[in-house]
Amino acid sequence: MPFITIKQPPVYYQLSFEDIMAGVDDISKYVMPNATNTRTYWVDHPNPKLIQNTDIVRMIALLGTFNKSKEALFAQDRASLYHTFHISKSSGGLRRIDAPLPELMGALRELKMLFENHMFALYHTTAFAYVRGRSTIDALKRHQRNESRWFLKLDFADFFGSTTPGFVLDMLSQIFPFSEIVRYGAGKEELTKALSLCFLNKGLPQGTPISPFITNVMMIAIDHKISNTLRQFDNRRFLYTRYADDLLISCKIDFSKDSVQKLVANTLSAFNAPFTIKPEKTRYGSSSGRNWNLGLMLNKENQITIGHKRKKEFKAMLDNYMRGRNSDNAWSWHDLQVLKGLISYYRMVEMDYINYILHQYSAKHGADIEACIKADSSA
């Protein structure tokens, strides 16, 4: 009983008689692009034509070729193939990063491309982390479009570190075409061996190019179950998104957070997930309060904003940069990149406001701030 995930085609706006009479000058205006959306189906048995058109034998052969070419890596002590360091977490404490050394890094990128290009491995449409063309803003926009007012935030404990090879193989065995690959003895053996290269100390290391990808694929069934169950849960219209280990569930009206949290916990248990909900990170509230989700504020006016504090800090950064530049106290290349990144990100959230602030501070200092940053970055 596999889960089949496909890319969702564009949604077309239905033209009215008035539209037709007025003439259609640009058809693109009548297409709602959703290039990153997917659709997942749960079926008793895959359609025979689908299996016939999917060359499972070739997929297994590709896995075998990959494994054979990486025998030297399989033979090495896994820990010796990583450079380990720690970075500060925004919530406090340190996050361990295990970065693969060049040879392993190349192999994991190759395996990721193999899964993506030849086994069309995708993600559930509710997943937003580690997906090209998606961001935290896109995830929050889903809740904004739903006009949600009440929000439940859940966090998985040790999402990467507790994800075991056995759990990943079990979840992939429920997802097409991996569900067909494991039906062959050789297929299961080659897939198991290839996946083993992705793990360190029996968990998924943070810092590799394939760990995030694997989490999205393995979560397809769980995301599908939570999303579909919430649609009919308690006769309310819930909206569910997941950004890595960060789950956000919202509704237009107040709801029982304990009941929804139990639903998620029961779903994890049903799939024998090795990770659990982190109680200390659970938060429930309305958009009338400090409704911060994924680092952004969805306020009571149903607007996504970076928040008053960040706006104040951003203005101070612009002012400090220009004052330093005018007094021959130039910023470092790294600090300029941070400022450029903030401008780009904040524009994605509040374009009109950020453009207004840039214009205002450029006028204040008598120079185009972005042109100055560009010139200083290339100096």
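A salt bridge is a side-chain nitrogen of Lys or Arg within 4 Å of a carboxyl oxygen of Asp or Glu. The model shown is predicted, and for this reason local features are reported at pLDDT of at least 70 and side-chain atom pairs at pLDDT 80 or more, whereas totals for chains, interfaces and linings use all residues. Residues are numbered from 1 along each chain as its sequence is written, and side-chain values use heavy atoms, with hydrogens and water left out.

**View A. The salt bridge between Asp 223 and Arg 242.** The closest N and O atoms of Asp 223 and Arg 242 are 3.0 Å apart. This pair links distant parts of the chain, since Asp 223 belongs to helix α11 and Arg 242 to strand β8, 19 residues apart; helices (H or I, at least four residues) and strands (E, at least two) are DSSP runs, numbered from the N terminus. Asp 223 counts as buried at 0% relative accessibility, and Arg 242 likewise counts as buried at 0%, where buried means under 20% relative accessible area, exposed over 50%, and partly exposed in between (1.4 Å probe, protein chains only). Elsewhere, salt bridges that share partners join Lys 153, Asp 155 and Asp 246 into one network. The structure holds 16 salt bridges.

View B. An α-helix has 3.6 residues a turn, so residues three or four places apart point the same way. Glu 116 is partly exposed, at 32% relative accessibility, and Lys 112 is also partly exposed, with a relative accessible area of 22%.

**View C. The salt bridge between Arg 183 and Glu 180.** Here the closest N and O atoms are 3.4 Å apart.

View D. On a 1 Å grid over the protein atoms alone, a pocket is an open set of points with protein on both sides within 12 Å along at least five of seven lines, a cavity is a set of points where a 1.4 Å probe fits but cannot get out, and lining residues have an atom within 4 Å of a point. Grid points are joined across faces, edges and corners, and a volume is the space filled by probe spheres set on the points.

**View E. Helix α6 and its buried residues.** The buried residues of α6 are Thr 136, Ile 137, Ala 139, Leu 140, Arg 142 and His 143.

**View F. The cavities of 30 Å³ or more, of which the whole structure holds 2.** The largest cavity has a volume of about 40 Å³, and its lining consists of Thr 5, Phe 120, Ala 121, Leu 122, Ile 175, Phe 176, Phe 178, Val 217 and Ile 220, which divide into 8 nonpolar, 1 polar and no charged residues. The second largest cavity, of about 30 Å³, is lined by Phe 115, Leu 172, Phe 178, Phe 213, Ile 214 and Val 217, and helix α10 (residues 211-218) supplies the largest share, 3 residues. This second lining has 6 nonpolar residues, with no polar and no charged ones. Phe 178 and Val 217 line both cavities.

**View G. The largest nonpolar core, of 65 residues.** Those with the most contacts inside the core are Leu 63, Leu 111, Phe 115, Phe 178, Met 218, Ile 249 and Phe 275, and helix α5 (residues 102-118) gives the largest share, 6 residues. A nonpolar core is a set of buried Ala, Val, Leu, Ile, Met, Phe, Trp, Tyr and Cys residues joined through side-chain atoms within 4.5 Å. Leaving aside its neighbours within four places in sequence, Leu 111 is in contact (heavy atoms within 4.5 Å) with Leu 63, Phe 66, Ala 194, Cys 198 and Ile 210. Apart from this core lies another, of 24 residues, among them Ile 304, Met 322, Leu 339 and Leu 358.

Conventions
Ala, Val, Leu, Ile, Met, Phe, Trp, Tyr, Cys and Pro count as nonpolar, Asp, Glu, Lys and Arg as charged, and the others, Gly among them, as polar.
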